[in-house]
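Hi everyone, thanks for making time. I'd like to walk you through one model today, and I'll keep it short.

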Amino acid sequence: MSEPSFDPSQALRDVQHFGEEGGVVPVIDVASTSTFLDPEDMVRTFHGERGCYLYSRHSNPSVNAFGRKLAALEQTEAALGVASGMSAIAAAILQLLPEGGHIVSSRTVYGGTYALFQNLLPRWGIQVTLVDFGDLAAVERAIGPKTRLLYTETMSNPLLSVTDLPAVARLAHARGLQLVVDNTFTPCLVTPARLGADVVVHSGTKYLSGASDLIAGVIAGPKAFVDQLVDINQGVVMLTGPVMDPRVAHELYLRLDHLPIRMQAHGRAAQLLAEALQAADVPVIYPGLSAHPHHALLGRLKNPGYGSGGMMAVDCGTADRAMQLARRLQDENFGLYAVSLGFSRTLMSCSSVTTSSEIPEAEQRSMNLSPGLLRLSIGYVGDDQVMANRFLRCYRALPKA
Ligand code: PLP
């Protein structure tokens with residue numbers, strides 16, 4: 001169970017790394033291949049007898065420096081930067097599962113993850129059963145002889161339901177399974193490995209980047225597992241190749257230091273806006289509000305000082321109303337109508353017809369995903385009161401449902 005005192009900011013601070021010539025940041029090592037003074041050493045490296053840099057798809061100093069910082073943030077033994085959040089999810093799962101394996105996954109996952117689970121993994125004989133992770137008995141019932149792992153998001157996209165990670169981890173471990181958690185929505189806020197997760201994945205495109213200017217992913221977990229991912233003969237990342245570019249790794253390495261400050265700023269702005277919307281009877285969904293069904297659960301899981309995150313949703317009833325509202329909000333310069341999240345400015349999208357459109361309508365209904373859900377990634381730029389007033393002006397101007 002988590003000790004309440006964990007401070008992600010201090011954990012990042014404690015990673016010390018000097019640049020090549022004593023600089024305060026490491027240099028970017030862009031070399032795709034490394035020289036060996038003795039050709040015999042290259043042979044030994046290929047046989048795993050020497051831990052040298054060899055070829056950048058296998059290992060790269062800048063990607064490793066980022067990995068060390070990320071591992072400190074997520075409190076895992078090791079972490080590997082990869083090309084995108086989707087490649088992190090796919091590679092972690094393919095590495096963990098044998099052919100014909102089975103996954104029990106939360107049904108409220110990002111649409112791309114849903115499509116991977118439903119459309120692609122079955123081609124390799126991997127089956128995924130989707131269950132409501134709020135119902136642990138149902139999760140347990142879905143576990144079968146071929147099940148190897150449980151999969152969930154700490155805070156789900158886009159419904160913002162929170163998984164009881166310690167309870168799910170206990171169940172996974174009692175049944176000899178691994179727990180894989182997507183922590184994209186809640187870096188700093190929640191540290192899944194401290195709550196029992198075995199492997200943590202991220203879309204680094206989101207909060208880790210913070211600037212909506214790159215695509216990246218992360219797989220964090222035990223060192224033996226991270227080493228396996230780049231094994232020359234068996235590694236899914238090594239052999240399918242979705243590596244992180246060292247320039248991207250360097251950018252993210254620098255940005256991790258201010259991630260805690262950014263997460264606090266997102267959480268503060270989102271909390272103030274959610275309270276203003278709730279007071280005005282706007283149907284707002286935000287885990288920082290006591291009315292949210294998982295408010296108390298999040299309170300038990302989260303590290304102190306980071307609020308309740310930057311993600312919010314407003315149920316406008318229909319997709320048409322959600323898009324009308326978004327258009328007005330963009331015209332009023334409240335935010336930008338764009339998918340993705342974690343940017344300094346507010347991003348908005350209507351989930352049912354965009355980032356969750358891979359999920360069939362009937363399934364969307366059964367998971368309570370309203371067609372009119374406007375998902376908001378709340379930015380921290382701007383005056384909170386001005387932003388709340390802009391939102392309310394636009395919302396009140398909407399035609400009645
Ligand atoms: N996981 C979550 C929760 C996401 O929201 C996304 C993208 O929106 C992804 C994974 C995929 O990340 P990427 O776009 O970096 O591949």
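This is a predicted model: local features need pLDDT of at least 70, side-chain atom pairs count only at pLDDT 80 or more; totals for chains, interfaces and linings use all residues.

Residues are numbered from 1 along each chain as its sequence is written, and side-chain values use heavy atoms, with hydrogens and water left out.

Let's start inside. A nonpolar core here is a set of buried Ala, Val, Leu, Ile, Met, Phe, Trp, Tyr and Cys residues joined through side-chain atoms within 4.5 Å. Buried means under 20% relative accessible area, exposed over 50%, and partly exposed in between, using a 1.4 Å probe and protein chains only. The largest core has 53 residues, and Phe-66, Leu-70 and Leu-150 touch the most other members. Helix H3 (61–74) is among the elements that each supply at least two residues; its share, six residues, is the largest. Helices (H or I, at least four residues) and strands (E, at least two) are DSSP runs, numbered from the N terminus.

Where does this core lie? Domain 1 (8–257) and domain 2 (260–396) both give residues to it, so it lies between them; the bounds come from an automatic or database domain assignment. Leaving aside neighbours within four places in sequence, the contacts of Phe-66 include Val-218, Met-244 and Leu-252, contact being heavy atoms within 4.5 Å. There is also a second, separate core of 37 residues, which includes Tyr-114.

That takes us to helix H5 (residues 111–120), where seven of the 10 residues are buried. Tyr-114 is one of those seven, as are Leu-116 and Phe-117. The cover over H5's buried residues includes helix H4 (85–96) and strand E2 (102–106).

Now the charges. I count a salt bridge when a side-chain nitrogen of Lys or Arg is within 4 Å of a carboxyl oxygen of Asp or Glu, and the structure holds 12. Lys-223 pairs with Asp-227, with the closest N and O atoms 2.7 Å apart; both lie in helix H8 (residues 223–229), about one turn apart.

Arg-393 and Glu-332 also meet in a salt bridge, at 2.9 Å, N to O. Arg-393 is in helix H15 (residues 384–396) and Glu-332 in the loop between helix H13 (319–331) and strand E10 (336–337), so the pair ties together parts that are 61 residues apart in sequence. Finally, Asp-41, Arg-44 and Arg-50 are linked in a salt-bridge network.
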